[in-house]
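Good morning, colleagues. Please look first at the sequence and the structure.

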Amino acid sequence: MTVASAQRAGRKQWIGLAVLVLPVLLISVDLHVLSYALPFISTSLAPTAAQLLWIIDMYPFILAGLLLPMGTLGDRIGRRKLLMIGAAAFGAASTVAAFSPDAGTLIATRALLGVGGATLMPSTLSLIRNMFHDERQRRAAIAIWTAAFAGGAMLGPLMGGALLEYFWWGSVFLVNLPVMALLLLLTPLLLPESRDPRPGRFDVSSVVLSLAAILPTIYGIQHIAADGLSLLSVLAVIAGLALGAVFIRRQRLVPDPLLDVSLFRSRAFAAAIGTNTLGVFAMVGSSLFTTQYLQMVMGVRPFVAGLYALPSAGMAMLTAGLAPALVRKIRPGLMVCAGLLVGASGFAFLSLLDTGGHALPLVVGIMLMAGGVTLVLTVSSDLIIAAAPPERAGSVAGLSQVATEFGGALGISILGSIGAAVFRAQAPGSQTLGAALEAAKDQPALAAAAREAFVAGQHYAMITAAVLLVLMAILLRVQRT
């Protein structure tokens, strides 16, 4: 019997896992719920166009930039301690955000929410690594963690639609408070403290370099998606990538790196990071189109649009639950390939959507996409965390979440740009479907043409996503042989 199998988790660890799922579910919901509140925020706070953009962007920018440093900080000061600090900050920022009197205050509190979120995600995953040493139990725990993340992404629109149907826009922030209060109450009772016993020197220069690399890259990618190619956005991406190269070089030279780049020598680890990024790319990129399709092509209310996400949320949770049992019988690499191909079939169904608003291909498509992508994320997340030494679990968990953020940004940028290019080509003079429909309120023919153009763009974006997933599956199989 190995040491790992001798250290099987008991009831307390499994109850502790339920506590760790709370912030993961909440952050995943938060990433998707705000888009439904933006029209109400615009009416209430009257932000400028630039302020509205920062209300959207501030949270993911700060979150992406601080994930890796916060993961490393948790290794040093204690992951449980960092989790509690983050929960308190997240709850306080949520309260201020809900009652923001102006756009500037909301932007500032969105930045604080990003700081809190950056402490929560890597803390939860690194605590799982140190609570579940048995391989089978760890896989099951990560499957539950992934199901919460994927389920939150699907349930976010439903929660947002329900809240905004009956309450004011600040309610989307206030729902965070009871969850954070419960987390602060239960964490000291149920979660063990863990940290790196020999953390070494904290390299502030590496932290600055990581921020300088990640922030402009994410900024450039998101603005290319929103506004097309511009000198500023392209220069931001180039500067970010160049500083990223400097960051990687420094990690190879310093004795106590922020990120252990030697992990990438493992083909399995590098492939897991790549498939994790591509999985989130697909999930986030598809939601960019399906939410608009539901509300602007099918014409359903936000709450009803959220109901359409329930089957896919159920499929995501089911797939995550089955993954640990399946991976005991099928090699992880084959499981990832299968997930990629199932996800690709989902995108193929989504490419069949037309302006008739048929619900069946939409529901089948998002169910297959959610099931396949969740399988990929579950298996790849386990491979990433399993590769991490327990004392470095926080930094590796931070890296995993950075890959997730980049995947989401790339999904919006690449798939969104493809859809936007086709839309603008077929609907000259229009930038977005919403703007086109607003301009064509009393002109049904123009509105129908705008919807046709949007669906055409969606078709090409979904085909692109399907092809990328299939190519990744082929690449993984070729590497195995």
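What volume does the largest cavity have? The largest cavity has a volume of about 90 Å³. Before I continue, this is a predicted model, in which local features need pLDDT of at least 70, side-chain atom pairs count only at pLDDT 80 or more, and totals for chains, interfaces and linings use all residues. Residues are numbered from 1 along each chain as its sequence is written, and side-chain values use heavy atoms, with hydrogens and water left out.

A cavity here is a set of points, on a 1 Å grid over the protein atoms alone, where a 1.4 Å probe fits but cannot get out; a pocket is an open set with protein on both sides within 12 Å along at least five of seven lines, and lining residues have an atom within 4 Å of a point. By this rule there are four cavities of 30 Å³ or more.

The lining of the largest cavity includes Met121, Trp145, Phe149, Asn276, Ser381 and Gln401. Helix H6 (135-166), H11, helix H15 (359-386) and H16 each give two or more residues to this lining. By class, five of its residues are nonpolar, six are polar and none is charged; here Ala, Val, Leu, Ile, Met, Phe, Trp, Tyr, Cys and Pro count as nonpolar, Asp, Glu, Lys and Arg as charged, and the others, Gly among them, as polar.

The second largest cavity holds about 70 Å³ of space. Among the residues that line it are Arg139, Pro324, Val327 and Asp382. H15 supplies the largest share of this lining, four residues. Its classes are six nonpolar, one polar and two charged.

About 510 Å³ lies in the second largest pocket. Its lining has 20 residues, and Ile214, Ile248, Leu399, Val402 and Phe406 lie nearest its centre. Helices H9 (204-227), H10 (231-253), H11 (267-297) and H16 (393-426) each give it two or more residues. Of the lining, 15 residues are nonpolar, five are polar and none is charged.

Finally, the surface. Leu341, Ile463, Val467, Leu468, Val470, Leu471, Ile474 and Val478 form a nonpolar patch with about 620 Å² of accessible area together. Helix H18 (residues 444-480) gives the most to this patch, with seven residues. Ile463 is found in H18 and is partly exposed, at 34% relative accessible area, where partly exposed lies between buried, under 20%, and exposed, over 50%, with a 1.4 Å probe and protein chains only. Patch residues have over 30% relative accessible area and no salt bridge, with like charges joined within 9 Å and nonpolar side chains (Val, Leu, Ile, Met, Phe, Trp, Tyr) within 5 Å.

Terms used
Accessible areas come from the Shrake-Rupley method with a 1.4 Å probe; for residues, only the protein chains shown count as cover. A salt bridge is a side-chain nitrogen of Lys or Arg within 4 Å of a carboxyl oxygen of Asp or Glu. Grid points are joined across faces, edges and corners, and a volume is the space filled by probe spheres set on the points.
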